[in-house]
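Colleague: I have a model open and would like to go through it with you before I set anything up. Could you take me through it piece by piece?

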Amino acid sequence: MFPIADTFSYFCGMQLFYSPEITATRFFLSEEESKHCVRVLRLVEGDLIHLTDGRGSLHSARILAATPKKCQVQIVETIPEFGKLPYRLTLAVAPTKNNDRFEWFLEKATEIGIDRIIPIECDRSERRVYKMERGKKVIESAMKQSLKAYLPRLDTLTDLDYLLGKQLAGDKFIAHCQPAAEKSRLQDVLRPGQPALILIGPEGDFSPQEIQAAREKGFREISLGNSRLRTETAALVACHTVALINEIKPHDNQ
């Protein structure tokens, strides 16, 4: 059973499983999760495991049948909205030429906390094909490793012009390296507790035309510091800055 106090500390030594379709108190883990549970961790009938549906629920469940292809479990307790963030963050990021670097960003952003990631295709993009299923696997693994109960959404590769043409709620920012008369530091203009969308360009930066188009759509130009950062580093700095600001300032929605 879950302890009433210090729940996160209790789970730090636990293995977290992912089961997106939980419709009853008794159900079967996927073959992949069953194999990991029985063959890798050597768990047996009667053992307690912890799992999430990726939508905020964290469950404690007992193993009823420990088979490597179809492990049956029964939920004994549930914590709703486990680790829910006090903000909503979407990062629209141009995938890097080296796919490993973009997957590194997906992993670390999931660990820090993010709601949605939109890979974007820009004028200067060096990667114009992106395998979303592989990225989803990276995010899923990072969610379990970092004991998150919310699975970030990963979109298909989206043209920047198309994204700018959509009705986008919340505060909107574009980070770029070009000189600008009204560029602010993200930490100075971010409103804690508010939904935020941040655009991060490719390794060659956004084109002047893209920056102008974003500006016309109400995006605020921001700086992420004085250093010239790689795409994946800039995206992670933005993610961490949003998390940090929301930790140290009072939230408007509390």
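Colleague: Where does it come from, and what is the average pLDDT?

Modeller: This is a predicted model, and the protein averages a pLDDT of 91, with 92% of the residues scoring at least 70. Over residues 1-6 the pLDDT is below 50, and beyond near neighbours in sequence this stretch has 14 contacts in the model. Residues 250-254 are also below 50, with nine contacts in the model beyond near neighbours in sequence. Where pLDDT is low, the predicted coordinates should not be read in detail.

Colleague: OK, the sheet next. What is the strand order?

Modeller: Five strands form an open sheet in the order β1-β3-β4-β5-β2, and the pairing is mixed. At the edges stand β1 (16-18) and β2 (26-28), and because each has a single partner strand, one side of each is left without a neighbour in the sheet. On average, neighbouring strands of this sheet are turned by 45° against each other, direction ignored.

Colleague: How many bridges join β4 to β5, and do they run parallel or antiparallel?

Modeller: Strand β4 (residues 58-65) and strand β5 (residues 72-79) run antiparallel and are joined by seven bridges. Within that pair, A61 stands opposite I75 in β5.

Colleague: Which helices pack on the sheet?

Modeller: Helix α2 (residues 31-40) packs on it, touching β1, β3 (48-52) and β4, and the direction of α2 makes about 155° with that of β1. Helix α4 (residues 132-145) packs on the sheet as well, touching β1 and β3, with a direction about 145° from that of β1.

Colleague: Staying with α2, which of its residues are buried?

Modeller: In α2, E33, S34, C37 and V38 are buried. They cover an arc of only 115° around the axis, which puts them on the same side of α2. The cover over these buried residues includes β1, β3, β4 and α4, while the face of α2 turned away from its buried side carries the exposed residues R39 and V40. Just after α2, R42 takes a positive phi of about 60°.

Colleague: How far is D53 from A214?

Modeller: D53 and A214 are 36 Å apart in space, C-alpha to C-alpha, and 161 residues apart in sequence. A214 belongs to helix α7 (residues 208-216), where E210, I211 and A214 are buried. These three cover an arc of only 100° around the axis, which puts them on the same side of α7.

Colleague: What do they pack against, and what is on the other side?

Modeller: The buried residues of α7 pack against α5 (160-164), β10 (171-175), β12 (196-200) and β13 (220-223). On the other side of α7, Q209 and E216 are exposed. Just after α7, G218 takes a positive phi of about 90°.

Colleague: Changing topic, how many disulfides does the structure hold?

Modeller: The structure holds zero disulfides.

Methods
Residues numbered from 1 in each chain as written. Predicted model: local features only at pLDDT ≥ 70, side-chain atom pairs only at ≥ 80, totals over all residues. Heavy atoms only, no water. Disulfide = S-S within 2.5 Å. pLDDT = per-residue confidence, 0-100. Contact = heavy atoms within 4.5 Å. Pairing = 2+ DSSP bridges. Helix = DSSP H or I, 4+ residues; strand = E, 2+ residues; numbered from the N terminus. Axes fitted to C-alpha atoms, helices over the stretch in contact; angles between N-to-C directions. Buried < 20%, exposed > 50% of the residue type's maximum accessible area, 1.4 Å probe, protein only. Arc of directions from axis to C-beta.
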